[in-house]
Amino acid sequence: MNGSAPSVVAVVLVTVATLAIGTWGLRFSRTTSDFFVASRTVRPALNASAIGGEYLSAASFLGVAGLVLVFGADMLWYPVGWTAGYLVLLVLVAAPLRRSGAYTLPDFAEARLASPRVRAASSLLVVAIGWLYLLPQFQGAGLVMEAAIGAPQWLGAVVVAVVVLVNVISGGMRSITFVQAFQYWLKLTALLIPAIVLLGVWVGDGAPNPADAAGGGDEGSLWSLPLGSGGAEGLYLTYSLIVATFLGTMGLPHVVVRFYTNPDGRAARRTTMVVLGLLGIFYLLPPVYGALGRVYGGDARPDVLVLELPQLMVPGTGGDLLAALVTAGAFAAFLSTSSGLSIAVAGVVSQDVFGRARLPGITAFRLGAVVAVAVPGLLALAAPNVGVARAVGLAFAVAASTFCPLLVLGIWWRGLTDVGALAGMAVGFLGSGTGVVYALGNEQTLGWGAALLGQPAAWSVPLAFATMVVVSRATRGRVPPHVLRFMVRLHTPEAVALDRG
Amino acid sequence: MTEGPPERVRVTGPARRAAPRRPRTSEIDEQTLLGSVLLGSLLRSQLRLAFVTLLPLAAFAAGVPLAFHLAPGLADVRVLGLPLAWLVLGGLVYPFLVGLGVFYVRRAERNEGDFAELVEIAERPGGGLEP
């Protein structure tokens, strides 16, 4: 199925449409504020589509179906966690984060704790998480290009990196918002229409139950068990995955930066509510592919099951066209998530590195974008393939162990100090970072040691929270004097007029 | 565009706030006792709401794996041909999450509305004791 013409056309169309919408959005981008946060005027419906478009990465579009095919029901926790993460974010963070009036996570940290050191640590973390998340996107793009149109693997990574860079440099956040919103609906369509056709084929075949099929991966009832390989280890791994995804969402730099584009706290909440709905609709679909893959996808590669299944189930031109549609969706997934991450990383790099050099705002942002894209782009070419869902899962674990405690305690607890925040983030980062290094270097996932290191969130997140609280208590004298005023700003509704200085 | 792009103008407008700042909320700004009490009440009601919203989520996330761990036979239970875990984690969970989200947003906005009213009353001349 290499070199199918409709797939080539699909990839080209998505690329052209992305660039065209980005250029169109450029007409509205004038100020530095446009570039960073679209001047904070994006309405909930548009912003929610944009968040959905940005958030649904290759891991959601391709990874979930493949994991479900191989490992079965325990992998359903990934999409559940990625959606539930938004509920946790909505309840604990959304409105106050918007009202804090900061541009980025480091801005929030500095404003809340009045400490340049916490700011510097947060900036490093944003870049680390952003790159950890960008790397598999670029690699996945290479994989898709290879599977869909027979291109060499490096080509996909380069195309995605260049398109993202052009879009981010030309229009910043304002133009990206339109691109992302378009890409949510493209991704939904690209999974929905083939899913309906494939389900029709399946019903026509007498609807053999996937749970009884002999397809690859876990057998029989293990496939229907939402608990890894079962046993106490399986339970631990499942809980750890739940903690990482439920709490990690709020700490992802490209998610957080979106909240500053809402007009006010109330809109931030309503946006998040719409996002929950959009994600819920989308995540009904990938497991369908995984389940059908068990019946029909005997020789499909799990990584690209979504791309290959249409041609396995529908012979001839129909299958080619459906495959082209999912290829377009997959490509949109790489482009949108990479764009969002690049914007977030570029914002931090430009403020904290190039901003110091007194470059004008937009020039600094553009330089930052080059760095943000080039480094993970080169890494993607050099590093071995790490598996999209796995690397993304680790990025969630790091975010949950560092930014989640910072945000939750910073927003709800007056007693947080700069030293406490630094200590907590350091502990969380070391804990989850060890897991990242271990997981990237080791394929083996058996035994308790591997479980604890490979899925660190269940212990590293509570440890980070505890460290932050204990150290803050011990350094009580360092609570910033303006804390009450800042808390007022975070929690007071816009209807009450305040000095929001 | 034959005459080249129009000259770019940096627009730095005033803060986007519909109402001009009124002095009657100075209580909260100035960290007076009254302001502190008012904010404390808002924080408490919002935290209580957060707890009430996240409790069902936590119960779900903790309970489902535990149930399957303690009773592995659940993996073989079928509802309308679908394995139970698939029905719950592949479908039913999403309306549940959206429902919790809608519930939270409504309540949170009501809490904030109550708070805005409270501030209004507290800041009236006479401290809100007039009829």
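How many aromatic pairs does a search of the whole structure find over all chains? The search finds eleven, where the rings of Phe, Tyr and Trp (its six-membered ring) count as a pair if their centres lie within 6.5 Å.

## Basis of the model

This is a predicted model, in which local features need pLDDT of at least 70 and side-chain atom pairs count only at pLDDT 80 or more, while totals for chains, interfaces and linings use all residues. Residues are numbered from 1 along each chain as its sequence is written, chains are lettered from A and ligands numbered from 1 in the order in which they are written, and side-chain values use heavy atoms, with hydrogens and water left out.

## The two chains

Chain A has 22 helices and zero strands, whereas chain B has three helices and two strands, which follow the pattern α-α-β-β-α along the sequence. Helices (H or I, at least four residues) and strands (E, at least two) are DSSP runs, numbered from the N terminus.

Of the 501 residues in chain A, 64% are buried, and of the 131 residues in chain B, 33% are buried; buried means under 20% relative accessible area, exposed over 50%, and partly exposed in between (1.4 Å probe, protein chains only). A contact means heavy atoms within 4.5 Å.

In chain A, the axes of helix H5 (residues 77–92) and helix H13 (residues 265–282) come within 9 Å and cross at roughly 165°. Axes are lines fitted to C-alpha atoms, for helices over the stretch in contact, and angles run from 0 to 180 degrees between N-to-C directions. H5(A) and H13(A) are therefore roughly antiparallel to each other, given that angles under 35 degrees count as roughly parallel, over 145 as roughly antiparallel, 65 to 115 as roughly perpendicular and the rest as oblique.

H5(A) passes H13(A) in a left-handed crossing, a term used if the near helix is turned anticlockwise from the far one by less than a right angle, with right-handed used if clockwise. The residues in this contact include A:Trp82 and A:Tyr86 of H5(A) and A:Arg269 and A:Leu276 of H13(A). By class, the contact of H5(A) with H13(A) has eight nonpolar, three polar and one charged residues; Ala, Val, Leu, Ile, Met, Phe, Trp, Tyr, Cys and Pro count as nonpolar, Asp, Glu, Lys and Arg as charged, and the others, Gly among them, as polar.

## Aromatic rings

One aromatic cluster is formed by A:Phe61, A:Tyr78, A:Trp82, A:Tyr133, A:Phe282, A:Tyr283 and A:Phe396. Among the eleven pairs found over all chains, the rings of A:Phe61 and A:Phe282 have centres 6.3 Å apart and planes at 35°, so the pair is tilted; planes under 30 degrees apart count as stacked, over 60 as edge-to-face and the rest as tilted. Because A:Phe61 lies in helix H4 (residues 58–71) of chain A and A:Phe282 in helix H13 of chain A, the pair ties together parts that are 221 residues apart in sequence. A:Phe61 is buried at a relative accessible area of 0%, and A:Phe282 is also buried, at 0%.

The rings of A:Tyr133 and A:Phe396 have centres 6.2 Å apart and planes at 45°, so this pair is tilted. A:Tyr133 in helix H8 (residues 116–149) of chain A and A:Phe396 in helix H18 (residues 388–412) of chain A are 263 residues apart.
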